[in-house]
Amino acid sequence: MTQDTTPTKKWRRLVTQKRKQLDGQIPSEWRLGAEFLALIPSHGRLIEDHVVRRSGILSKAELDITERYTATELLLKLAQGELTSLAVTTAFCKRAAIAQPLTSCLTEHFFSRALERAQYLDEYLLREKKVVGPLHGLPVSIKDSFCLEGVQTTVGEPATSNSALVDMLLNMGAVLYAKTNIPQTMMTGDSENNIFGRTLNPHNTHLTAGGSSGGEGALVAFRGSVLGVGTDIAGSIRIPSLCCGVYGFKPTTDRIPYGGQVRDIAMEGIPGLKPAAGPLAHSLDDIELFMSTVLDAEPWKYDPAASAAPWYKPSTSPTTLTIGLLALAHPLDHLLPGDAAGCVARSGEGGVPWLL
């Protein structure tokens, strides 16, 4: 019989091979058994149903690590040696491994590589009595569009170099362990593609996880990640955050290094909106942690397009909210009272103007 070599048959065969390869990278003791999967309620509320706890794959200590702490709290315990990076990384790798067959939130996962790095960081702390950097030992997940040397990207080939932000995260001591799912072209609000399938919402798998950073939204919501990095041009961080019930932040363009992505959504030579990289997390404190840590590490040295503006800490003293309005050619007296139209409001004492 002649083998069918039509394009459709060929790509389906390649997809089958890829999924088999990724499945083989998950340790057998981290896998959900067929009997357990058959008992998961059809309503699809994975978090409400405590699927991770019922699986028995995570120890009590690992459940505590992944469910009890914010990234900020974990970093303090890691720096003080109360928790090892190996223990924390193992816990989040296990939880991500459970999330994958249930939500299709991952593309690439490289757990063995992550555990080796975690072990190195623990040994460094023990030997040098200091941390590698401000994110020492913390597992961080990244959207598939970021390049990590030696790991495949959406173009189907292993990256030969790291994205600028990936280099920053590694230099600051982070442990990278998984890349997360996206829609084809990264230009829709639902994360589905022909290779890794559709990312499902862990709160209700009958609903979307959003996009294009939908894999990040689902993984963070499932607590398979305590801090993730996505990108956003028209809601790609904000939509998954809304759908999955997590915190997300789209910074001003070029605040966080974007250079070295697998593909640039902005069309070369054509003016338009530019995408921005930003965090997804479980708390506002962790959003600020990511922003302040990256900006304090001089991101322009990694990506010349990155802004050199520092991170402004929120003021702890009472301030007057100040809102700025763009000056217009014609007054808006029919919309706004008095002389507010066409003016830029002055800052309150110690305040910073907001430009809308």
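This is a predicted model: local features need pLDDT of at least 70, side-chain atom pairs count only at pLDDT 80 or more; totals for chains, interfaces and linings use all residues.

Visitor: What does leucine 74 touch, not counting residues up to four places away in sequence?

Guide: Leucine 74 touches Ile65, Tyr69, Leu83, Val88, Phe92, Leu138 and Val226. Contact here requires heavy atoms within 4.5 Å. As background, nonpolar side chains in soluble globular proteins tend to be buried together.

Visitor: How many aromatic pairs does a search of the whole structure find?

Guide: The search finds 2 aromatic pairs. In one of them, the ring centres of tryptophan 30 and phenylalanine 111 are 5.8 Å apart, with the planes at 55 degrees.

Visitor: Why is the pair of tryptophan 30 and phenylalanine 111 called tilted?

Guide: Two cut-offs decide that: centres must lie within 6.5 Å, and planes under 30 degrees apart count as stacked, over 60 as edge-to-face and the rest as tilted. With 5.8 Å and 55 degrees, tryptophan 30 and phenylalanine 111 therefore form a tilted pair. This pair links distant parts of the chain, 81 residues apart: tryptophan 30 is in the loop between α1 (7–24) and α2 (34–38), and phenylalanine 111 is in helix α7 (residues 111–128).

Visitor: What makes tryptophan 30 count as buried?

Guide: Buried means under 20% relative accessible area. Tryptophan 30 has 7% relative accessibility, so the residue counts as buried. Phenylalanine 111, at 3%, counts as buried too.

The other tilted pair is tyrosine 120 with tyrosine 124, at 6.3 Å centre to centre and 45 degrees between the planes. These two tyrosines are 4 residues apart in helix α7, so they are separated by about one helical turn. Tyrosine 120 is partly exposed at 42%, whereas tyrosine 124 counts as buried at 16%.

Visitor: How do you know that lysine 77 forms a salt bridge with glutamate 82?

Guide: The rule asks for a side-chain nitrogen of Lys or Arg within 4 Å of a carboxyl oxygen of Asp or Glu. The closest N and O atoms of lysine 77 and glutamate 82 are 2.9 Å apart, so the pair qualifies. Glutamate 82 counts as partly exposed, at 49% relative accessibility. By this rule the count comes to 14 salt bridges.

Another is lysine 274 with aspartate 254, whose closest N and O atoms are 3.1 Å apart. Both residues lie in the loop between β9 (247–248) and β10 (276–281), so the pair ties together parts that are 20 residues apart in sequence. Salt bridges also link Arg53, Glu67 and Arg95 in a network.

Visitor: Why is lysine 301 called exposed, while glutamate 298 counts as partly exposed?

Guide: Exposed means over 50% relative accessible area, with partly exposed between that and the buried limit of under 20%. Lysine 301 has 60%, so the label is exposed. Glutamate 298 has 30%, so the label is partly exposed. The two residues form a salt bridge, with closest N and O atoms 2.5 Å apart.

Visitor: What makes the charged end of arginine 95 count as sitting over the ring of phenylalanine 222?

Guide: One part of the test is that CZ of Arg is within 6 Å of the ring centre. The charged end of arginine 95 is 5.9 Å from the centre of the phenylalanine 222 ring, and sits over that ring. The charged end of arginine 113 likewise sits over the ring of phenylalanine 110, 5.9 Å from its centre.

Visitor: How do you know that the buried residues of helix α4 line one face?

Guide: The buried residues of helix α4 (residues 60–68) are Glu62, Leu63, Ile65 and Thr66. Seen down the helix axis, they fall within an arc of 160 degrees, so they line one face of α4. They pack against α3 (51–55), α5 (71–79) and α6. The face turned away from that buried side carries the exposed residues Lys60, Ala61 and Arg68.

Visitor: And why is helix α9 described as largely enclosed?

Guide: In helix α9 (residues 214–221), 8 of the 8 residues are buried, so the helix is largely enclosed by the rest of the structure. For the protein as a whole, buried residues make up 47% of the 356 residues.

Definitions and conventions. Residues are numbered from 1 along each chain as its sequence is written. Side-chain values use heavy atoms; hydrogens and water are left out. Buried means under 20% relative accessible area, exposed over 50%, partly exposed in between (1.4 Å probe, protein chains only). Rings of Phe, Tyr and Trp (its six-membered ring) pair if their centres lie within 6.5 Å; planes under 30 degrees apart count as stacked, over 60 as edge-to-face and the rest as tilted. A charge sits over a ring if NZ of Lys or CZ of Arg is within 6 Å of the ring centre and within 35 degrees of the ring normal. The arc is that of the directions from the helix axis to the C-beta atoms.
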